[in-house]
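Please look over the sequence and structure shown here before reading on.

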Amino acid sequence: MPILEIKNLTHTYGAGTPFQRSAVKDVSFTVEQGEFLGVMGHTGSGKSTLIQHLNGLLKPTSGQILLEGKDIWAEPKKIRNVRFQVGLVFQYPEYQLFEETVYRDIAFGPKNQGKTGEELDRAVREAARLVGLRDEHLEKSPFELSGGQKRRVALAGVLAMEPKVLVLDEPTAGLDPAGRENLMANIREYHRHKNATILLVSHSMDEIAQNVDRILVLKSAHILMSGTPAEIFARGPELLAAGLDVPQITRVAMSLRDRGLPIDPAVYTVEDLERQLLALKGGGAPC
């Protein structure tokens with residue numbers, strides 16, 4: 001059984017008014033336990049509306065969200081429990097920090113779950129460790145930290161609730177290249193350590209390509225395509241025609257192919273392109 005199943009999801013804003021529009025329309029897909037799923041699409045494609053349904057922040061106009069086989073809206077009074085199980089980290093989450101210390105900010109969510117004493121302390125310190133925060137950070141004010149460290153505090157606050165599914169909306173937006181890679185390394189470590197189910201929304205094709213198992217591409221409130229990174233980036237011209245981008249290395253591969261080299265256009269990592277070029281140089285077939 002998939003951990004998440006989205007069935008014929010439609011969400012319509014302004015229903016019955018001249019401004020009526022469907023931000024997602026008849027969208028269906030599943031997410032398996034432990035899967036790292038990338039979600040991409042241009043602005044207005046429906047990404048943000050989609051992910052806000054996954055933990056019940058928005059209620060479907062029609063369709064269902066099933067968490068471990070159960071409709072999350074089957075018991076509306078218990079929707080708060082769903083939000084503990086599906087953790088959503090918004091873009092620029094550091095703007096939501098408010099406690100006096102990093103420890104108390106991370107502890108806010110698990111305390112609302114009912115965690116106390118040693119259980120609470122363990123949850124806070126483990127979450128801090130997973131995102132690369134040291135013990136000396138915990139007693140500081142979050143507002144004394146750098147932008148990247150604040151982002152880690154906000155992420156740790158969600159991880160401390162030990163959600164079954166983690167949804168990340170542009171988690172590295174606004175960070176410098178080193179900050180982006182450090183944060184993604186923390187997220188990859190969390191995925192490996194916990195066998196976590198993660199949905200990553202990102203405008204960065206390189207970030208998507210280097211981290212996820214499968215990609216969901218949205219366009220105009222619908223799913224345009226779904227597949228592994230190799231399957232998706234093999235359709236580079238379609239992505240570009242849809243107003244999306246491809247990883248930089250895929251652009252290089254497409255350019256080399258246009259110049260007559262027998263390069264597989266599904267290349268999306270430096271290592272893959274290097275392997276193909278070395279095979280060509282050695283007289284072998286690209287693999």
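The largest cavity holds about 30 Å³ of space, in a predicted model for which local features need pLDDT of at least 70, side-chain atom pairs count only at pLDDT 80 or more, and totals for chains, interfaces and linings use all residues. Residues are numbered from 1 along each chain as its sequence is written, and side-chain values use heavy atoms, with hydrogens and water left out.

**Cavity**
- On a 1 Å grid over the protein atoms alone, a cavity is a set of points where a 1.4 Å probe fits but cannot get out, and lining residues have an atom within 4 Å of a point.
- V89, P93, R151, L155, P171 and L183 line the largest cavity, and by class five of these residues are nonpolar, none polar and one charged.

**Pocket**
- The largest pocket (an open set of points with protein on both sides within 12 Å along at least five of seven lines) contains about 650 Å³ of space.
- Its lining comprises 24 residues, with L88, Q96, F108, V158 and M161 nearest the centre.
- Helix 3, a DSSP run (H or I, at least four residues), gives the most to this lining, with five residues.

**Helix packing**
- Helix 4 (residues 117-130) and helix 6 (residues 177-194) pack at an angle of about 125 degrees, on a scale from 0 to 180 degrees between N-to-C directions, with their axes 9 Å apart.

Note on methods. Points joined across faces, edges and corners; volume = space filled by probe spheres on them. Helix = DSSP H or I, 4+ residues; strand = E, 2+ residues; numbered from the N terminus. Nonpolar A, V, L, I, M, F, W, Y, C, P; charged D, E, K, R; others polar.
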